[in-house]
Amino acid sequence: MADYQAPLRDMRFVLHEVFQVSKLWAELPALAEVVDEETANAILEEAGKVTAGVVAPLNRSGDEEGCSWADGVVTTPSGFIEAYKTYAEGGWVGVGGDPAFGGMGMPKVISAQVEEMVNSSNLSFGLYPMLTAGACLSLNAHASDELKHKYLPNLYAGIWAGSMCLTEPHAGTDLGIIRTRAEPQADGSYKVSGTKIFITGGEHDLTENIIHLVLAKLPDAPAGPKGISLFLVPKFLVNADGSLGERNALSCGSIEHKMGIKASSTCVMNFDGATGYIIDAPNRGLAAMFTMMNYERLGVGIQGLSTGERSYQSAIDYARERIQSRAPTGAVAKDKVADPIIVHPDVRRMLLTMKALNEGGRAFSSYVAVQLDTAKFSEDPAARKRAEELVALLTPVAKAFLTDMGLETTLHGQQVFGGHGYVREWGQEQLVRDCRITQIYEGTNGIQALDLVGRKVIGSGGAFYKHFAEEVRAFTESADASLAEFVEPLQAAIANLEQMTADLLLRARDNPNEIGAASVEYLHVFGYTAYAYMWALMARAALDKQGQDDFYASKLGTARFYFARILPRIHSLSASVKAGSESLYLLSAEQF
């Protein structure tokens with residue numbers, strides 16, 4: 001596998017030339033005080049060094065060694081403890097954290113780039129700080145001042161880690177039927193009892209304490225999701241002076257043996273009357289959880305992008321060096337017995353597809369991050385509300401489409417290597433295995449599609465969708481003639497999506513099955529259309545500079561490829577949506 005190098009040039013292009021984020025930061029007082037273009041570039045440069053130099057070298061060895069479990073103790077692979085210490089001491093765990101408790105205070109659009117780098121370098125490693133950052137988000141937004149002061153500084157510093165304990169053996173998506181219970185105590189604490197499964201980083205040896213955020217129900221809780229509360233349950237109790245006390249009544253019962261992300265500990269966690277502290281108010285656990293989910297689901301989408309980026313870097317190096325056969329038009333490398341495989345049309349198709357999906361995905365994930373920053377930091381209520389609704393709409397697209405495209409991209413990378421992509425030596429098969437989980441956890445992609453269509457589009461009566469459609473239309477109407485080759489297919493794509501949305505709103509009134517029948521294909525049409533918008537924005541930024549260096553010429557060539565060869569996928573997907581739900585119900589359960 002090629003050595004990983006952070007795509008800093010493209011990240012700077014997206015941030016400063018496409019979205020001009022410095023203008024946004026200058027308008028938001030909370031960000032104007034902590035970040036500008038120079039600071040952002042310095043942060044990305046340093047993150048690129050630590051991820052490429054410290055974290056990436058452990059990717060293959062971590063996969064081969066994996067985590068081990070013995071008598072409740074989880075050991076991470078060789079080198080992970082040292083690498084995590086270096087990563088934490090650099091402040092990277094708290095890059096987006098609240099400065100009041102020791103975080104860097106960077107906007108999400110910057111931390112998103114850092115997430116991409118760490119996950120490209122080593123997805124298993126990246127999951128540990130990601131879960132900590134998610135726990136911190138929920139604590140900072142919903143916990144009492146006492147809990148925040150007691151736990152956040154060490155979490156941001158990477159001295160302690162965090163986990164989110166949601167899933168139970170019988171309750172995955174349907175959290176309303178969880179059985180974990182929390183009994184109130186006289187001192188204001190709770191005794192938490194139950195079993196949670198698939199808990200990323202539930203137990204490990206990277207930090208001195210692990211702070212679990214656990215969904216549970218109080219004895220008098222109402223039935224269903226309205227009866228869920230969220231509790232902070234530390235592995236080691238924390239004394240009043242901040243020192244560690246006795247071990248809490250919780251344990252890791254086992255770890256999962258998985259297809260991929262083998263250096264990430266995926267744990268069964270048992271809580272046996274463990275001491276916990278309520279976050280927010282009783283029966284408000286889902287609100288606290290969803291504060292984290294919008295960020296984490298974008299983060300999982302970025303994981304798909306990250307594996308695709310790592311696969312592309314290896315594939316392009318291989319395609320330039322591997323010689324096989326001659327180009328269709330005759331010998332190119334006349335001094336060699338064959339030409340590099342990059343001359344062959346099908347190899348170029350795969351490489352360009354990877355490049356177009358990666359760069360489109362990087363722009364889209366950054367766009368969603370900008371909305372998160374606006375929703376969090378804007379002092380304009382109308383701007384904040386619009387951003388919040390756009391985040392609600394785009395989060396399931398970001399999670400599902402980025403990871404679906406991530407798997408496609410890693411598969412293309414493996415295919416470029418041919419037989420060498422199937423064996424361990426080159427690392428491409430690991431990327432395929434690692435990427436696969438991103439379509440499953442944090443809500444499967446089918447659930448994301450249901451959320452998009454059922455809750456965000458139909459549930460809002462199309463209001464959330466309207467923000468996106470109006471923005472795209474405003475762009476196409478204001479674009480000058482030089483952008484016609486990009487604007488015209490974008491106009492057709494958004495018109496198609498708007499018509500499909502209107503049809504779905506009508507059909508769902510009479511038949512609830514229409515939502516689920518259309519959801520996955522609808523999400524993909526939305527995703528390809530959103531990427532078309534991103535590529536049109538990137539083409540605009542690159543058009544006037546194409547003579548300056550190859551970067552801009554490459555950007556425009558990739559944009560043309562996207563519109564010519566990838567965006568047309570929306571036509572077959574749209575036909576599937578229009579076909580409705582009837583064909584899904586022609587067979588009885590026995591006829592399957």
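Visitor: Helix α15, residues 463–478: what should its 16 residues span, and how far apart are its end C-alpha atoms?
Guide: This is a predicted model, so everything here is computed from it. At 1.5 Å a residue, α15 should span 22 Å, and its end C-alpha atoms are 23 Å apart, which agrees.

Visitor: Which residues of α15 are buried?
Guide: Phe464, Tyr465, His467, Phe468, Ala469, Val472, Phe475 and Thr476.

Visitor: And what covers them?
Guide: The cover over the buried residues of α15 includes α11 (345–377), α12 (381–416), α14 (445–458), α16 (484–510) and α17.

Visitor: New topic. Which members of the largest nonpolar core touch the most other members?
Guide: Phe364, Leu393, Phe468, Tyr522, Phe526 and Tyr562, out of 139 residues in that core. Helix α17, residues 513–543, gives the most to this core, with 20 residues.

Visitor: What is Leu393 in contact with?
Guide: Apart from neighbours within four places in sequence, Leu393 contacts Leu452, Lys456, Val457, Phe464, Tyr465, Phe468 and Phe526. Among these, Phe464, Tyr465 and Phe468 are buried residues of α15.

Visitor: How many residues are in the second core?
Guide: That separate core has 29 residues, including Tyr151, Leu155, Ile211 and Ile228.

Visitor: What does its side chain pair with?
Guide: The side chains of Glu514 and Ser581 are joined by a polar contact of 2.8 Å. Not counting residues up to four places away in sequence, Glu514 touches Leu504, Arg507, Ala508, Gly580 and Ser581.

Visitor: How many disulfides are there?
Guide: A search of the whole structure finds zero. Cys165, for one, is in no disulfide, and the nearest cysteine sulfur to it, that of Cys267, is 9.0 Å away.

Visitor: What does UniProt say about residues 82–158?
Guide: The unreviewed UniProt entry annotates them as "domain: Acyl-CoA dehydrogenase/oxidase N-terminal". In the model that stretch is 70% helix and 0% strand, with its end C-alpha atoms 12 Å apart.

Visitor: And residues 283–451?
Guide: The unreviewed entry labels those "domain: Acyl-CoA dehydrogenase/oxidase C-terminal". The chain there is 72% helix and 0% strand, and the end C-alpha atoms are 22 Å apart.

Visitor: Last one. What does Gly134 touch?
Guide: Leaving out residues up to four places away in sequence, Gly134 touches Met292 and Glu296. Gly134 and Glu296 are 162 residues apart in sequence, yet 6.4 Å apart in space, C-alpha to C-alpha.

Visitor: Where is Gly134?
Guide: Gly134 is in helix α8, residues 123–142. Gly134 is buried, with a relative accessible area of 0%.

Key
Residues are numbered from 1 along each chain as its sequence is written. This is a predicted model: local features need pLDDT of at least 70, side-chain atom pairs count only at pLDDT 80 or more; totals for chains, interfaces and linings use all residues. Side-chain values use heavy atoms; hydrogens and water are left out. UniProt positions are given in the numbering used here, feature names are shortened, and annotations may be inferred rather than shown by experiment. Helices (H or I, at least four residues) and strands (E, at least two) are DSSP runs, numbered from the N terminus. A nonpolar core is a set of buried Ala, Val, Leu, Ile, Met, Phe, Trp, Tyr and Cys residues joined through side-chain atoms within 4.5 Å. Buried means under 20% relative accessible area, exposed over 50%, partly exposed in between (1.4 Å probe, protein chains only). Contact means heavy atoms within 4.5 Å. A disulfide is a pair of cysteine sulfur atoms within 2.5 Å. A polar contact is a pair of N or O atoms within 3.5 Å; within protein, one must be able to donate a hydrogen and the other to accept it, and residues adjacent in sequence count only if both atoms are side-chain atoms. The expected span of a helix is 1.5 Å times one less than its number of residues.
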